[in-house]
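Visitor: I have a new model open. Please walk me through it, and keep it brisk.

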Amino acid sequence: MSIDLRQEDSIVSELTALYGGRGYKRFKPACFEDYSLYLSNIDFLISKNVITFSGASGRLLALRPDVTLSVISHSRGEEGTKKLFYNEKVYRRTDEKSEFREVSQTGVEVYGDIDIACEAEVVLLSVRTLQTISDEFVLDLSHMGYTEGLISSFCTDAEQKQLVYTYLKSKNLHDFDVFAQKFGVEEKYRQAFRQMVAIGGNARQAVVAAEKNAVNREMKVAAQQLKELVSVLEQLGYADRISINFSIANNADYYNGIIFNGYVGGVPKMVLSGGRYDKLLKRLNKSGGAIGFALYLGELERYFRPQSPFVDSLIIYDDSSYVRALKLAEELTKEGRTVRISKDIVVDLRYGGITDLREVK
């Protein structure tokens, strides 16, 4: 089914009003940062390829591939809670074989003292963000504490853990069973992993199933936090747009707590992602917690249905009537009407009326 989306500038304008209306301050980062910031946190980036260049002082700089790192690296450890939003360009490859692109990205970042209200508001804003794009959307919700709590209980080797996360993301139970057999994973953990993969759908029912499936304290705490969050979203009227999906998992070195991905109808890729990333603050020697999300407008570009511009009046002229055309255009403009003059009918233009001065002798 084709998707009927508004143009990027209209979406950005609506989202700016949405975030600003909730008291979020706009953040304007520089287009480049020290390359060391990205190099030391390369696993945090969507694209591992970064455009670098030498600054005037000889420092190695990089065009910004990510906004979150800029937000946190420039934070000053303010007390309380800092709420920011941004509408920026990032520079990265969409995959290893593609060329670098300038991609539009908008998002929200909250850091400092993070409580359940902050989490619920950010998730709510992510839902409202998806709703701005299309009425057909869903937000998949997970919790790193739940997935990490289970996987760490039977797997401590970093490479093996990464392999298990690969099975989780692809919901590949066959290869997981082969892995579990090879490394002697206890049956209770095998069963918990299978159940975790199967949990999904209705958020209210899914969190109950997650509680029952928890095999250790970390999983129980995570399930309780998810249950509380889903309850808040239900009271706000958005629980029916939330799905629990533990197969979404981010880098455990950076993320903790809730994580989420957003999808809209007609677009086969994830267009929004976010979650708690307290561990990133610690890596950057910052205190407190952090949560945020990014909307990848670049993923939507090819799915926008182009809409031709509209004018009230199209004026057609020839070499003998162009002055009259210009005069008429001036008169109509002063009356508050929009107008375009042209020698021919414009194919990619919508117009309310047409005046053909070529017929005037």
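Guide: A term to start with: helices are DSSP runs of H or I with at least four residues, numbered from the N terminus. And a caution: this is a predicted model.

Visitor: Fine. What follows α12?

Guide: G336 does, and its phi is positive, near 90°.

Visitor: Back up to α12. What span should its 13 residues have?

Guide: Helix α12 covers residues 322-334, and at 1.5 Å a residue it should span 18 Å. Its end C-alpha atoms are 18 Å apart, so the two agree.

Visitor: Which residues of α12 are buried?

Guide: A325, A329 and L332. Down the axis of α12, the buried residues fall within an arc of 65°, so they line one face of the helix.

Visitor: What covers the buried residues of α12?

Guide: The cover includes β12 (310-316) and β13 (339-342).

Visitor: And which exposed residues sit on the face turned away?

Guide: K327 and K334.

Visitor: Strands now. How many residues of β9 are buried?

Guide: Six of its seven, so to speak a mostly covered strand, at residues 258-264.

Visitor: Which sense does β9 take with β7, parallel or antiparallel?

Guide: Antiparallel, over seven bridges, with β7 at residues 137-143. D140 stands opposite N261 in β9.

Visitor: How many bridges join β9 to β10?

Guide: Four, and that pair runs antiparallel too. In β10 (residues 272-276), G275 is the bridge partner of I259.

Visitor: Switching to charges. How many salt bridges come out?

Guide: The count is 14. One of them joins the side chains of R22 and E121, at 3.2 Å from N to O. That pair links distant parts of the chain, 99 residues apart: R22 is in the loop between α1 and β1, and E121 is in helix α4.

Visitor: Are those two buried or exposed?

Guide: R22 is partly exposed, with a relative accessible area of 36%. E121 is at 12%, and under 20% means buried.

Visitor: What about R194 and D177?

Guide: Their closest N and O atoms are 3.4 Å apart, in a salt bridge. R194 lies in helix α8 and D177 in helix α7, so the pair ties together parts 17 residues apart in sequence. R194 counts as partly exposed at 23% relative accessibility, and D177 likewise counts as partly exposed, at 28%.

Visitor: Which residues do shared partners join into one network?

Guide: R22, K83 and E121.

Note on methods: Residues numbered from 1 in each chain as written. Predicted model: local features only at pLDDT ≥ 70, side-chain atom pairs only at ≥ 80, totals over all residues. Heavy atoms only, no water. Helix = DSSP H or I, 4+ residues; strand = E, 2+ residues; numbered from the N terminus. Expected span 1.5 Å × (residues − 1). Buried < 20%, exposed > 50% of the residue type's maximum accessible area, 1.4 Å probe, protein only. Arc of directions from axis to C-beta. Contact = heavy atoms within 4.5 Å. Pairing = 2+ DSSP bridges. Salt bridge = Lys/Arg side-chain N within 4 Å of Asp/Glu carboxyl O.
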